[in-house]
Amino acid sequence: MCGRYASTRSPQDLAQLFHVSDWHPEETLAPSWNVAPTDDVWAVLERTPRGGDEDAPARRRLRPVRWGLVPSWAKDVKIGARLINARVESVHEKPAFRRAFVTRRCLLPADGFYEWEQVKDRKSGKVRKQPYFIHPADGQVLALAGLYEYWRDPEIKDDDDPAAWLMTCTIITTEATDAAGRIHPRMPLALTPDHYDAWLDPHHRNTDDLRALLSPLAGGHLDARPVSPAVNSVRNNGPQLLDEVPAR
């Protein structure tokens with residue numbers, strides 16, 4: 001699974017990296033070295049203009065969304081805490097994700113992600129979880145494959161009230177490879193730049209073609225380093241969380 005990641009690039013940098021044409025400067029998020037479920041995160045997505053022709057050209061947008069997908073049919077938002085990940089093997093079939101897989105796909109920019117390995121302490125002999133930060137070897141941004149969804153708050157009567165709509169997302173995961181595979185059996189699935197356009201295009205709805213885009217990155221792309229267990233607490237944040245510590 002993917003339960004924590006780092007996302008510290010500015011919206012200006014992300015808009016340039018992902019060729020975004022629609023971003024509102026008043027929408028801001030602070031850099032985070034410890035993104036946790038239910039946090040707001042940046043998502044790159046494509047949507048046609050509201051109220052326009054469904055076949056109209058889509059615009060690429062950068063939007064803050066909440067991590068933890070809330071299906072449109074959910075009775076309340078609590079379900080989102082359990083839907084932070086979607087397995088690539090079944091994402092196109094699961095009721096919570098299958099509609100979004102067809103028309104509401106996104107990219108979630110990340111500097112890297114955390115996974116935990118069970119290790120035996122050399123001194124005490126006790127088993128503990130050692131966190132690792134897993135990141136691109138070349139320092140580039142990871143574009144995590146995700147889905148997003150809109151949830152309508154029934155307590156708010158006016159459809160035009162922005163508070164009436166909650167926008168949420170989930171991260172697609174796959175079998176771990178490369179450095180991540182030595183630490184944890186699952187990892188978030190990142191797309192290569194040549195697949196961005198096809199993945200984001202809301203008019204692209206062939207399930208088989210979309211699933212073909214979701215293949216793990218080639219070996220040698222990711223590095224991993226042990227980091228402080230301070231990342232275990234969502235209260236801790238800052239660049240020091242990425243500092244390498246001696247493996248014990």
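1. One cavity of 30 Å³ or more is present in the structure. The term cavity stands for a set of points, on a 1 Å grid over the protein atoms alone, where a 1.4 Å probe fits but cannot get out. Grid points are joined across faces, edges and corners, and a volume is the space filled by probe spheres set on the points. The largest cavity holds about 30 Å³ of space.

2. This is a predicted model, in which local features need pLDDT of at least 70 and side-chain atom pairs count only at pLDDT 80 or more, while totals for chains, interfaces and linings use all residues. Residues are numbered from 1 along each chain as its sequence is written, and side-chain values use heavy atoms, with hydrogens and water left out.

3. Which residues line the largest cavity? They are P71, S72, W73, P95, A96, F97, R99, A100 and E149, where a lining residue has an atom within 4 Å of a point. By class, this lining has 6 nonpolar, 1 polar and 2 charged residues. Ala, Val, Leu, Ile, Met, Phe, Trp, Tyr, Cys and Pro count as nonpolar, Asp, Glu, Lys and Arg as charged, and the others, Gly among them, as polar.

4. The largest pocket has a volume of about 740 Å³. A pocket is an open set of points with protein on both sides within 12 Å along at least five of seven lines. The lining of the largest pocket has 24 residues, and the closest to its centre are R47, R50, R61, R63 and Y150. The elements that give two or more residues to this lining are β3 (40-47), β4 and β10 (165-175); helices (H or I, at least four residues) and strands (E, at least two) are DSSP runs, numbered from the N terminus. Strand β4 gives the largest share of the lining, 4 residues. By class, the lining of the largest pocket has 10 nonpolar, 3 polar and 11 charged residues.

5. The count of salt bridges comes to 10, each being a side-chain nitrogen of Lys or Arg within 4 Å of a carboxyl oxygen of Asp or Glu. In one of them R61 pairs with D22, with the closest N and O atoms 3.6 Å apart. R61 lies in strand β4 (residues 59-67) and D22 in the loop between α1 (11-17) and β2 (32-35), so this pair ties together parts that are 39 residues apart in sequence. R61 and D22 are both buried, that is, under 20% relative accessible area, with exposed meaning over 50% and partly exposed in between (1.4 Å probe, protein chains only). D22, R59 and R61 are linked in a network of salt bridges.

6. E27 and R63 form a salt bridge at 3.8 Å, N to O. E27 is in the loop between α1 and β2 and R63 is in strand β4, so the pair ties together parts that are 36 residues apart in sequence. R63 is partly exposed, at 23% relative accessible area. Another salt bridge joins R87 and E89, at 3.9 Å, N to O. R87 is partly exposed at 45%, and E89 is partly exposed at 33%.

7. An open sheet is formed by 5 strands in the order β2-β1-β7-β8-β12, with antiparallel pairing; two strands pair if DSSP finds at least two bridges between them. Strands β2 and β12 (222-226) are at the edges with a single partner strand each, so one side of each is left without a neighbour in the sheet.

8. Strands β1 (residues 5-7) and β7 (residues 112-120) run antiparallel and are joined by 2 bridges, with A6 opposite G112 in β7. Between β7 and β8 the antiparallel pairing covers 8 bridges, and F113 stands opposite I134 in β8. Strand β8 is joined to β12 by 5 bridges, with H135 opposite D223 in β12. In strand β8 (residues 127-136), 8 of the 10 residues are buried, so β8 is largely enclosed by the rest of the structure.

9. Where do positive phi values deserve a check? H19, in the loop between α1 and β2, has phi near 55°, a positive value in a residue other than glycine. H19 is exposed, at 63% relative accessibility. T38, in the loop between β2 and β3, has a positive phi near 80° and is also a residue other than glycine. T38 is partly exposed, at 41% relative accessible area.
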